[in-house]
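I opened this entry to keep track of what I looked up, going from the whole chain down to single residues.

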Amino acid sequence: MNCLISDEFPLRATQSLRYDLLELLTEEDLQFRLPGDNLTLGALCEEHGQIQFVYIRSFVTFRIDWSLRYSDPRTACTVAKLQRWWTELDDVNAA
């Protein structure tokens, strides 16, 4: 990562709110859905990770490919899986 970016925008500090959120959430919270045609909170968290996944891959392929999807649908069901996946994405992004 560019040292200017890493010095000015430390990854763990900018992502800390996401990890703070995971410390507060339970599996039951991940199943919460607002009325209407809305995603569950877990699915919304998974979408956030999907966007980050596509963004990270774009630095390798030099194009944004929205057809790329992380393939474990159970990720949105547990806090531990979301945390593990987001940490993996952040580790790849920090390298």
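My notes below begin with the overall fold and then take up a few residues in turn.

**Ground rules.** I am working with a predicted model, in which local features need pLDDT of at least 70 and side-chain atom pairs count only at pLDDT 80 or more, while totals for chains, interfaces and linings use all residues. Residues are numbered from 1 along each chain as its sequence is written, and side-chain values use heavy atoms, with hydrogens and water left out.

**Whole chain.** I looked up the secondary structure and found six helices and zero strands, in the order α-α-α-α-α-α along the sequence; helices here are DSSP runs of H or I with at least four residues, strands are runs of E with at least two, and both are numbered from the N terminus. Of the 95 residues, 29% count as buried, where buried means under 20% relative accessible area, exposed means over 50%, and partly exposed lies in between, with a 1.4 Å probe and protein chains only. For contacts (heavy atoms within 4.5 Å), I noted that residues 24 or more positions apart account for 64% of those with a separation of 6 or more. The chain exposes about 6,600 Å², of which carbon and sulfur atoms supply 60%, by the Shrake-Rupley method with a 1.4 Å probe.

**Trp-86.** I then asked which residues Trp-86 is in contact with, leaving aside neighbours within four places in sequence. They are Arg-18, Tyr-19, Leu-22, Cys-45, His-48 and Gly-49. Trp-86 lies in helix 6, residues 79–94, and is buried at 1% relative accessibility. From Tyr-19 it is 67 residues away in sequence, with 8.7 Å between the C-alpha atoms.

**The loop between helix 5 and helix 6.** Trp-66 has its place in this loop and is exposed, with a relative accessible area of 53%. Together with Ile-51 and Ile-64, Trp-66 makes a nonpolar surface patch of about 330 Å². Phe-62 is also found in the loop between helix 5 and helix 6 and counts as exposed at 74% relative accessibility. Most residues other than glycine have a negative phi.

Terms used
Patch = residues over 30% accessible without salt bridge, like charges linked within 9 Å, V, L, I, M, F, W, Y side chains within 5 Å. Salt bridge = Lys/Arg side-chain N within 4 Å of Asp/Glu carboxyl O.
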